Amino acid sequence: MAAISKNVDQAIQFLQNGEVIAIPTETVYGLAGNAFDAAAVSQIFTIKNRPSFNPLITHTDDLQKVAHYVQNIPKSARKLAETFWPGPLTLLLNKTKAIPDIVTAGSDQVAVRIPRHPVTLQLLGSLDFPLAAPSANPFGYVSPTRAEHVEEQLGNKIPFILDGGPCEIGIESTIVGFENEKTVVYRLGGISLEELVEVTGQEDLVVKNQNKDHSPQAPGMLSSHYAPGKKVIIGDLDDLIIRYHPEKIALISFKDYYPQIPQQRQFILSSSGNLQEAAQRLFVALREMDKLSVNFILAELVPDYGLGRAINDRLLRASVK
Ligand code: TXA
Ligand code: MG
């Protein structure tokens, strides 16, 4: 069993010894190891049961440190970094040899992020290497947003979980790359398209957020990602409730209560219709409904703007089987 602890010094010890531990971020918990140490990174892939072609994000606390392991930071990237870091944004940049190929699955580009969780910023500030960290869930399952989620699934495989409480954002970072000075979004996440458009001034922002099993080049976002064990069906909840009757079903709704269904089998993401709150609770909802003895989880999409786009993306991925 992993120790769940708030002790940052202990976390530093484990990481300096080449061990892999779970760390909190403002998006989701990460499964972290020394990104400069191929052996530590290899353990991450093993613990997560992650295919080796799916690269990892590196995390650090300071833009100056990033400069040591990327070739250059293009102007457009720097502007985004300065605006959104620390925060839920990941940038794809050309790597130097300091980053072992295993981290990037052989790609010349490395994914970089400065997260804004205070505990993890303190941790990263004490390390002289960045942390490679995918979300701390077994490959293909929903990302963890609480220390207990990590404990439930990976507790027997890692020695330590740094407890930073529930994640503030609740869904993963937005991944952005650059093609001929154009900003390309590879994964929708905690920074919205609207925010990116505002800062880049690029109204026609390219979104290559794949919802299918495409090449990992477009970054490894396999459709089975974020899926709970139960089958998730997306649609109009009133219709679905009628269609699936008398099956045992659970509901995930945006803001409304459905009196047709027992209360303990429904999860309202945000009764006030707040997208931030809905994002924060989405993965908790999927996990809790997955634990019930039901045959199907019925869910509805949320309004498709701001964080709503990333929420809908995760709901759709959860529903692909
Ligand atoms: O919010 C987050 O981004 C969280 C926290 C822990 O930082 N991390 C996270 O990592 O979601 P992960 O590994 O679950 O998802 C990272 C995604 C993967 O789909 C991967 O394919 C893509 O980023 N990625 C990583 N490095 C890449 C690279 N060099 N080129 C293209 N895609 C990359
Ligand atoms: Mg993940």
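Predicted model: local features only at pLDDT ≥ 70, side-chain atom pairs only at ≥ 80, totals over all residues.
An oxygen atom of ligand 1 lies 2.9 Å from an N or O atom in the side chain of Arg 50.

| Side chain | Ligand atom | Distance |
|---|---|---|
| Arg 50, N or O atom | oxygen of ligand 1 | 2.9 Å |
| Arg 113, N or O atom | oxygen of ligand 1 | 3.1 Å |
| Arg 187, polar atom | oxygen of ligand 1 | 2.8 Å |

Taken alone, ligand 1 exposes 680 Å², and the protein buries 98% of that area.

**The shell around the ligand**

There are 24 residues around ligand 1, and of these Thr 27, Asn 54, His 59, Gln 109 and Ser 173 come nearest. Sorted by class, the shell consists of twelve nonpolar, eight polar and four charged residues. Two strands, β4 (residues 57-59) and β6 (residues 109-113), each supply at least two residues of this shell. Strand β6 gives the most, with four residues.

**Division into domains**

The chain is divided into domain 1, covering residues 3-207, and domain 2, covering residues 231-318. The C-alpha centres of domain 1 and domain 2 lie 28 Å apart. Where the two domains meet, 24 residues of domain 1 are in contact with 17 residues of domain 2.

Ser 5 belongs to strand β1, which spans residues 3-5. Is Ser 5 buried or exposed? Ser 5 counts as buried because its relative accessibility is 16%, and the cut-off for a buried residue is under 20%. A polar atom of the Ser 5 side chain lies 2.9 Å from the backbone nitrogen of Asn 7. Leaving aside residues up to four places away in sequence, Ser 5 touches Gln 10, Phe 160, Ile 161, Leu 162 and Asp 163.

**Backbone features**

Most residues other than glycine have a negative phi, and most peptide bonds are trans.

The peptide bond from Trp 85 to Pro 86 is cis, with omega near -5°. Pro 86 is placed in the loop between α4 (residues 75-84) and β5 (residues 89-94). Another cis peptide bond joins His 245 and Pro 246, with omega about 0°. Pro 246 lies in the loop between α9 (residues 237-244) and β13 (residues 249-253).

For Asn 49, a residue other than glycine, phi is near 60°. Asn 49 sits in the loop between α2 (residues 38-48) and β4, and strand β4 is one of those that supply residues to the shell around ligand 1. With a relative accessible area of 59%, Asn 49 is exposed, because the cut-off for that class is over 50%.

Phi of Ala 105, likewise a residue other than glycine, is near 55°. The position of Ala 105 is in the loop between α5 (residues 101-104) and β6, the strand that gives the most residues to the ligand shell. Ala 105 is partly exposed, its relative accessible area being 32%.

Technical notes:
Residues numbered from 1 in each chain as written. Chains lettered and ligands numbered in written order. Heavy atoms only, no water. Near = heavy atom within 4 Å. Polar contact = N/O pair within 3.5 Å; in protein donor to acceptor, adjacent residues only side chain to side chain. Areas by Shrake-Rupley, 256 points an atom, 1.4 Å probe, with all protein chains shown as cover. Nonpolar A, V, L, I, M, F, W, Y, C, P; charged D, E, K, R; others polar. Buried < 20%, exposed > 50% of the residue type's maximum accessible area, 1.4 Å probe, protein only. Contact = heavy atoms within 4.5 Å. Domains from an automatic or database assignment.
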